[in-house]
Amino acid sequence: MTFRDLVELSFSNLYRTKLRTLLTVSGVIIAISTFTAMISFGAGNQQLVNDTYKDLGLFTSMKVYPIESPAEGDSIEPGILNKEAVSELAKIPGVVLAYPFVDFTVTAGVLDTQITSEARALPVEALDTPIMRKLLNGYAFSSDSAKEAIVTPAFIEKLNTEYPDSLIGKELIVSLQIASLDSALINVLDDNETTLYDRFEALDPDSLLYMKYIRRVARQELGEGIKRLIDGFFNRTMTVADTLTIVGIGEKQRQRQFTLSPIVMPERTARLLTTAGFGIGNDPLSLFEAMRSGEFFPSDGSERDETYPRVTLELDPYVSYEGIKDSVEAMGFRAFSYAEEFKEIQRFFLYFNAALGVVGLIALMTASLGIINTLLMSINERRKEIGILQSLGAYRTDIWVIFLSESGAIGFAGSVFGIIFGWLGTRAMAFVLKLIMENEGIPVVDPFALPFWLIGLSMVFGISVSILAGLYPAAKAARVDPVEALRGE
């Protein structure tokens with residue numbers, strides 16, 4: 001018996017009991033539709049994550065952080081994430097670009113409106129990375145010292161303007177309060193409560209002959225002087241301002257981990273603003289770090305070596321991120337790789353799809369009971385036919401193959417239509433979700449996907465489970481005694 005004869009015989013036998021076959025196939029269709037739709041949901045979300053990572057260039061991006069508390073017994077000394085460290089990170093083989101994370105608070109004035117906003121400094125090279133091109137709509141600065149700025153929709157919301165595009169080309173006046181040497185020293189001499197003359201008046205001339213009194217006064221004045229110096233640093237600040245031109249408006253940022261400050265300006269321009277005065281801005285941590293390191297007053301007149309909370313590395317796509325991460329950690333820093341995170345996400349989706357597949361397989365197992373029932377009823381109705389086939393020379397294996405082919409035909413038909421109906425179901429659900437997303441103002445995405453591997457997997461599962469369900473009925477049919485079958489008729 002050829003394969004074609006076997007197929008024709010299987011479908012003709014099933015066609016004789018149309019209603020029973022239809023109900024059995026319907027069970028397989030429902031099971032495969034469920035299986036396909038559920039795995040399609042997992043595959044769609046996995047594809048969305050993969051496309052997002054590719055679109056933003058995250059596979060070639062790495063974040064570097066200082067080690068805040070080293071592990072006990074760690075032989076590597078934590079590094080200082082400063083300008084020198086950024087230069088060293090940029091020299092690691094495979095690193096294309098290294099730039100620091102620098103955010104600061106400014107007062108911004110545009111269109112006769114003043115608001116307080118966060119600003120971020122970025123080098124020109126960073127704006128050419130995939131994630132920055134995406135977030136900034138492709139806008140860029142002419143140079144690192146250009147008097148230009150790019151604003152984001154977060155800035156537009158703060159400004160509360162109805163015509164965002166009208167801001168392009170407008171002047172943006174940014175200012176910030178910074179500590180100055182003059183204000184801090186003046187506050188040491190005169191803190192608006194007691195002047196230097198008042199403190200001289202408070203001295204007891206007769207007690208100046210005693211060293212104990214002199215030491216007590218010196219300690220008191222030194223303590224008060226440090227207090228007034230720090231108070232002058234924070235409370236007697238000076239205003240530094242610059243006028244920039246708005247050259248673009250960035251993309252609305254929907255993902256929390258990839259947000260930018262409302263104002264983005266060139267690195268050199270921002271540095272001139274934030275390093276005026278003492279050269280350490282007005283951050284308390286910067287003040288104490290400068291005092292601790294003995295660099296409160298730079299002796300060479302150079303810019304103070306600022307520390308950064310984070311540095312971003314852009315990597316060569318043809319270089320393994322593991323080696324770069326090892327080099328970063330050897331320098332005493334903590335590294336976070338999106339490529340490594342993606343591996344964890346892939347592992348999560350593997351478990352997620354497996355869980356969804358189990359639910360679909362349970363439905364398919366339920367449908368297999370219908371296949372067993374259909375074939376067992378068919379054996380009882382076709383005992384004479386089986387006896388005649390055996391009396392004409394058919395082997396038991398031939399009977400076995402015939403019934404297995406019928407169960408396989410049920411699985412094939414159920415799988416084909418199940419995939420079709422499953423896909424139509426996901427399209428209907430995607431349409432409903434689209435309407436909901438548009439109504440809620442959420443970015444429209446399609447959480448379902450039907451890759452070729454899913455079609456093949458559904459076919460394999462549908463046919464395999466159906467054939468497995470047909471093993472018992474086929475074996476029972478093969479054991480029918482032809483004499484008893486013909487005599488019974």
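Helices (H or I, at least four residues) and strands (E, at least two) are taken here as DSSP runs, numbered from the N terminus. The structure is a predicted model, in which local features need pLDDT of at least 70 and side-chain atom pairs count only at pLDDT 80 or more, while totals for chains, interfaces and linings use all residues. Residues are numbered from 1 along each chain as its sequence is written, and side-chain values use heavy atoms, with hydrogens and water left out.

Although N137 is not a glycine, its phi is positive, at about 60 degrees. Its burial is described by relative accessible area, where buried means under 20%, exposed over 50%, and partly exposed in between (1.4 Å probe, protein chains only). N137 counts as partly exposed because its relative accessibility is 41%.

Strand β3 (residues 102-110) contains T107, which is partly exposed with a relative accessible area of 28%. T107 and S117 are separated by ten residues in sequence and by 6.2 Å in space, C-alpha to C-alpha. P153 belongs to helix α5 (residues 153-159), and at 17% relative accessibility P153 counts as buried.Helix α8 (residues 211-235) holds R219. R219 is exposed, with a relative accessible area of 57%. Together with K212, R215 and R216, R219 gathers in a patch of positive charge on the surface. Patches are made of residues with over 30% relative accessible area and no salt bridge, like charges being joined within 9 Å and nonpolar side chains (Val, Leu, Ile, Met, Phe, Trp, Tyr) within 5 Å. In this scheme Lys and Arg count as positive and Asp and Glu as negative, whereas His and the chain ends are not counted. The place of a charge is taken as NZ of Lys, CZ of Arg, CG of Asp or CD of Glu.

Charged residues also occur in pairs. Side chains of opposite charge can pair when their charged atoms come close. A salt bridge is defined as a side-chain nitrogen of Lys or Arg within 4 Å of a carboxyl oxygen of Asp or Glu, and by this rule the count comes to nine salt bridges. One of them joins the side chains of K325 and E340, at 2.5 Å from N to O. This pair links distant parts of the chain, with K325 in helix α11 (residues 321-330) and E340 in helix α12 (residues 338-381), 15 residues apart. K325 counts as buried, at 15% relative accessibility, while E340 is partly exposed, with a relative accessible area of 30%.

Another salt bridge is formed by the side chains of E344 and R347, at 2.9 Å from N to O. Both residues lie in helix α12, three residues apart, which is about one turn of the helix. E344 counts as partly exposed at 46% relative accessibility, and R347 is partly exposed with a relative accessible area of 39%.

The side chains of R427 and D446 also meet in a salt bridge, at 3.0 Å from N to O. R427 lies in helix α14 and D446 in the loop between α14 and α15 (452-469), so this pair ties together parts that are 19 residues apart in sequence. R427 is partly exposed, with a relative accessible area of 29%, and D446 counts as partly exposed at 31% relative accessibility.

Helix α14 also provides I420, a residue that counts as partly exposed at 41% relative accessibility. I420 forms a nonpolar patch on the surface with F417, F421, W423 and L424, and the accessible area of these residues together is about 490 Å². Accessible areas come from the Shrake-Rupley method with a 1.4 Å probe; for residues, only the protein chains shown count as cover.

Elsewhere in helix α14 (residues 396-440) lies I402, which is buried, with a relative accessible area of 6%. I402 and A477 are 75 residues apart in sequence and 9.5 Å apart in space, C-alpha to C-alpha. A477 is one of the buried residues of helix α16 (residues 471-478), the others being P473, A474 and A478. Seen down the axis of α16, these buried residues fall within an arc of 135 degrees, so they line one face of the helix. The arc is that of the directions from the helix axis to the C-beta atoms.
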